[in-house]
Amino acid sequence: MRRILIVEDEPSIAFALEADLRTEGYGVTVTSTGDEALRLARDESFDLILLDVMLPGTDGFDVCRSLRRREDRTPIIMLTAKAGEAEKVMGLELGADDYVTKPFSPRELRARIKAALRRGGDPDPDTFQFGDVDIDFARCEVRRGGKAVDLSALEFKLLTAFVRSRGRVLTRDQLLDAAWGDGVALNDRVVDNHIVSLRRKLEPEPARPRHFVNIRGLGYRFDA
Ligand code: CA
């Protein structure tokens, strides 16, 4: 049974989440504080953590930061307030896998949970296929409809980062780190320009991207 830790201080939301996820067949543990969440994550093992951002005391950001600092890679889905784009960017940059905006539909949340659990169990692939594109990571080769596509080294690194994080939003900073290396001070625009180029080379309709999707105010998401 897959085990989910819910960290939520609003009893009505915690209760509804718990009931819904139990019905779906998950093992569920609930806590209302960040400190207890950190203790539980250390002493027990969970397949996923649903983490409210706004908690009294140790908040969701602190919990996420602490977990990643101690190399805990459990997938984390942040529960964020409606208009909080800064919150979402911060959560993603601290290492959260995804976020869901309150009030969320149980159906959407279940889909996100399934996607995060699936990714969590996947090793990084040697090859990957989407649309008519085939990627061979070991050989750094990309083919489209069987024909070799010429990607720059940076484009290939970006593509690799996208495939590894498929289905989740990557901020421009995360993409800069992935392709150019940590701490490089470059304009975000550089990322956008390379994505335009990736779209031109790999999207069926570059002007209406289906795979390299811009998420307003946050960054980009790759959908296979
Ligand atoms: Ca809260």
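The legends below accompany close-up views of a predicted model.

View 1. The domain assignment divides the protein into domain 1, covering residues 3-120, and domain 2, covering residues 127-222. Taken over C-alpha atoms, the centres of domain 1 and domain 2 are separated by 27 Å. Nine residues from domain 1 and twelve residues from domain 2 take part in the contact.

**View 2. The area buried between domain 1 and domain 2.** The size of an interface is often expressed as the accessible area that is lost when the parts come together. Between them, domain 1 and domain 2 bury about 900 Å², and 52% of this area lies on carbon and sulfur atoms. On the side of domain 1, the residues that lose the most area to domain 2 are Leu 92, Glu 93 and Arg 119, which together account for 51% of what that side buries.

View 3. Four residue pairs are in polar contact between domain 1 and domain 2, counting pairs with both residues at pLDDT 80 or more. Helix α4 (residues 85-93) provides the largest share of the side of domain 1 that touches domain 2, namely five residues. By residue class, the side of domain 1 that touches domain 2 consists of four nonpolar and five charged residues, with no polar ones. One salt bridge is found across the interface of domain 1 and domain 2.

View 4. The calcium ion has as its protein donors Asp 9 (OD), Asp 52 (OD) and Met 54 (O), which lie 2.1 to 2.3 Å from the ion. Along the sequence, the donor residues of the calcium ion follow the spacing D-x42-D-x1-M. Asp 9 belongs to the loop between β1 (3-7) and α1 (11-23), whereas Asp 52 belongs to strand β3 (residues 48-52), and this pair, 43 residues apart, links distant parts of the chain.

View 5. Because Glu 24 lies in the loop between α1 and β2 (27-31) while Arg 110 lies in helix α5 (residues 106-121), the pair ties together parts that are 86 residues apart in sequence.

Terms used
Residues numbered from 1 in each chain as written. Predicted model: local features only at pLDDT ≥ 70, side-chain atom pairs only at ≥ 80, totals over all residues. Heavy atoms only, no water. Domains from an automatic or database assignment. Contact = heavy atoms within 4.5 Å. Buried area = accessible area lost by both parts, 1.4 Å probe. Salt bridge = Lys/Arg side-chain N within 4 Å of Asp/Glu carboxyl O. Polar contact = N/O pair within 3.5 Å; in protein donor to acceptor, adjacent residues only side chain to side chain. Helix = DSSP H or I, 4+ residues; strand = E, 2+ residues; numbered from the N terminus. Nonpolar A, V, L, I, M, F, W, Y, C, P; charged D, E, K, R; others polar. Donors = N, O, S within 2.8 Å, 3.2 Å for Na, K, Ca; no water.
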